[in-house]
Amino acid sequence: MSEPRVRRAEIAIEQSHVDRVYRRLGELRSQAEDMRTKGYEIGHGAQREAVFEQASMLFERDMMVNHANQTLQSLDAEYEGLVFGRLDHTSTEPVYVGRLGIRDADFENLVTDWRAPAAAAFYQATAEAPMDVVRRRVIRCSGQQVLDVDDDVLMPESVPDDMPVVGEGALMAALGRARGEKMRDIVATIQKEQDEVIRAPWRGVTEITGGPGTGKTAVALHRAAYLLYRYRRQLGGAGVLVVGPSGVFTSYISRVLPSMGETNVELRALGEVLDGMEATRHDPAPLAAVKGSLRMRKVLLKAVRATPPDAPTELRIVYKGEVLKLGAKELDKARKKVHSAGGPPNRSRVRAAETLLGMLADKAEENAASGGPQLERADVIHDLGERIDFHRFLVAWWPVLYPAQVLRWLGDDDRLARAAKNVLTADEIAPLAESLRGEGDDWTVADVALLDEIRVLIGPPKRRKQRAQEIELDAEQTRDSDDPARLRTARPAHYDEYSHIVVDESQDLSPMQWRMLGRRGAHASWTIVGDPVQSSWPDPVEAEQARTQAFGAKTKHRRYTLRTNYRNSAEIFDLAARVVAGRGADDGDLPNAVRTTGLEPEIRTVDAHDRESAVHSSVKELLDSVDGTVGVICAMERVPEVERWLAGQSEDRLKVVGSLDSKGLEYDAVALVEPTELITESLTGRRVLYVALTRATQQLTIIASDDDWR
């Protein structure tokens with residue numbers, strides 16, 4: 001039989017099994033919907049029952065509805081094909097591998113979850129160590145339709161005469177496919193070196209390093225899905241946090257975990273780690289370096305302990321005909337005394353009151369020694385402590401502090417100069433003060449870590465208790481909600497009990513950002529993803545110190561290096577490697593690009609006044625030549641201008657991003673605008689350009705008005 005006929009026959013065989021899986025999937029979905037309906041009926045019935053039975057029935061309803069919703073979320077997860085693999089062993093029935101496990105009505109296995117031990121051979125078996133696998137088959141589907149199959153033979157001597165073998169390798173075929181706007185999962189093409197990282201033990205710190213295109217991010221996300229599957233009881237309740245460099249990046253990866261049935265994972269950009277914040281703006285590199293330095297801890301501590309701008313400078317109170325007065329110097333002394341006790345300001349107002357009352361009692365004793373009335377010290381303290389005018393003064397003199405308020409105070413040059421004395425230089429203070437003089441919530445990504453530091457320094461203010469009926473209403477809405485976020489146990493603000501934290505592009509985190517993440521991971525295990533060659537942080541030693549402190553006393557630290565660049569063509573990566581070679585990167589630090597396309601990067605040298613038309617024509621050519629996404633990468637400050645140039649291009653496949661926001665992304669084709677500007681805007685220069693050059697998978701066009709970058 002000819003190869004095309006064999007392939008068609010094998011596709012038909014796999015289509016039959018896939019059809020059976022989807023019929024069973026429909027049955028399971030109907031059962032889950034029936035369970036949810038029954039749960040709601042139980043809840044409505046509880047309203048008519050006696051009070052002592054109502055709580056039990058509502059609990060039963062919540063459990064049924066929650067379980068049904070979670071089941072439906074798994075069954076309805078977005079995917080390109082539920083079944084993607086098959087293992088044929090020497091002596092057992094074939095094992096089908098997919099995104100989740102499914103059994104038929106008789107509990108026979110139809111699909112094995114890719115994370116289950118029984119599926120491990122799909123990724124780990126090799127010709128040298130076949131793990132009893134004769135044939136490994138990748139099944140490529142679109143929705144419920146089988147498009148193609150591709151086989152690897154691992155035990156040639158054991159292949160039966162009636163076992164067909166088709167295909168030439170699934171990985172390279174997958175690499176040539178067009179990219180969409182969202183990252184896809186790689187469950188069908190995980191390689192052995194990647195699988196070892198995914199299945200590494202969950203405790204401690206697992207570090208994944210490697211150059212561009214090695215799949216670090218995809219591996220980290222699949223590791224999160226695997227850990228939640230394998231250690232659901234240990235990790236599921238407290239939750240998993242995934243932190244990426246930007247909102248563009250978290251949007252890009254947002255589909256990966258849900259496509260594998262995992263929805264109980266929080267994705268946050270660095271500008272969103274602090275609850276209530278959504279910062280996207282970046283500071284110029286020199287200013288970001290100041291804000292991210294550990295020196296800012298000293299500046300912020302002084303700022304928190306300084307006298308608030310509007311605080312009264314004199315306390316004057318009349319008691320039994322005597323004027324008791326504390327001047328500015330005495331009030332400063334009182335403030336220092338309160339802070340010396342070490343408590344956070346927002347929890348120290350009682351101590352502040354006691355300190356002031358004690359000093360007022362001292363004044364009363366001084367008056368008595370000079371011939372004034374004799375007063376009992378205890379009476380002075382008690383009586384003044386009951387006075388409304390004293391409490392009004394106290395509230396103004398020792399106000400509740402808020403992080404944004406304190407950081408805005410440092411926009412005053414003199415106040416910042418006092419807080420930064422002997423810590424920052426005059427050249428650093430001026431631009432820092434200017435950047436903090438904004439209004440509202442217009443913060444930069446670097447500011448978020450400063451706000452979080454202040455939050456901890458000042459302590460939480462006392463909050464009013466919600467009314468009982470408000471709490472009950474919120475609970476009722478949570479029970480009735482189909483939203484998994486509402487169905488999860490409500491977490492307090494600034495939650496710090498995550499069970500596992502994934503940090504991508506970790507090489508760029510500042511020391512202050514590491515401190516911010518460390519607070520969220522006090523009890524967590526970690527997966528850290530990064531590449532030192534791509535680092536944009538100028539002081540790696542300081543960052544390493546802060547990173548180690550963030551991990552705490554976790555003793556287990558394992559490191560994996562991925563060395564194969566699957567993303568870039570060799571032609572594109574060779575250019576990127578030349579740009580960064582000898583400038584902080586040796587050959588041993590760079591991955592090996594294994595795929596060739598025959599398409600060399602195109603470099604277009606243009607005059608500055610022709611830049612717009614060159615970008616426009618280059619982008620049009622790239623859109624015409626690739627089926628997937630086209631990225632236009634430029635310096636951060638040039639993004640609005642380039643977006644205006646391309647406003648007439650209505651293609652959804654076209655994205656304009658700044659150099660810092662391009663980290664972690666990939667496109668079928670890239671137009672890189674003015675590479676020299678990417679070098680000059682960053683303190684680490686060519687490393688940022690190296691990142692931008694390695695975003696393209698198929699084609700790369702560079703538009704430059706000079707050759708300095710080369």
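Which residue is the bridge partner of Arg 137 in E6? Select Asp 151: that is the partner. A word on the source: this is a predicted model, where local features need pLDDT of at least 70, side-chain atom pairs count only at pLDDT 80 or more, and totals for chains, interfaces and linings use all residues. Residues are numbered from 1 along each chain as its sequence is written, and side-chain values use heavy atoms, without hydrogens and water.

**Stop one: strand E5**

Select residues 133-142, strand E5. Helices (H or I, at least four residues) and strands (E, at least two) are DSSP runs, numbered from the N terminus. Eight of the 10 residues in E5 are buried (under 20% relative accessible area, 1.4 Å probe, protein chains only). Strands pair if DSSP finds at least two bridges between them. At the hairpin, find Gly 143, with a positive phi near 65°. Arg 86 has Arg 137 as its bridge partner in E5.

**Stop two: helix H28**

Select 686-693. Eight of the eight residues of H28 are buried, so the helix is largely enclosed by the rest of the structure. Tyr 690 is among them. Show the neighbours they pack against (heavy atoms within 4.5 Å), including helix H24 (570-580) and strand E21 (696-704).

**Stop three: H12 and H13**

Select 328-340 and 349-369. Residues in contact include Leu 331 in H12 and Met 359 in H13.

Definitions and conventions. Buried < 20%, exposed > 50% of the residue type's maximum accessible area, 1.4 Å probe, protein only. Axes fitted to C-alpha atoms, helices over the stretch in contact; angles between N-to-C directions.
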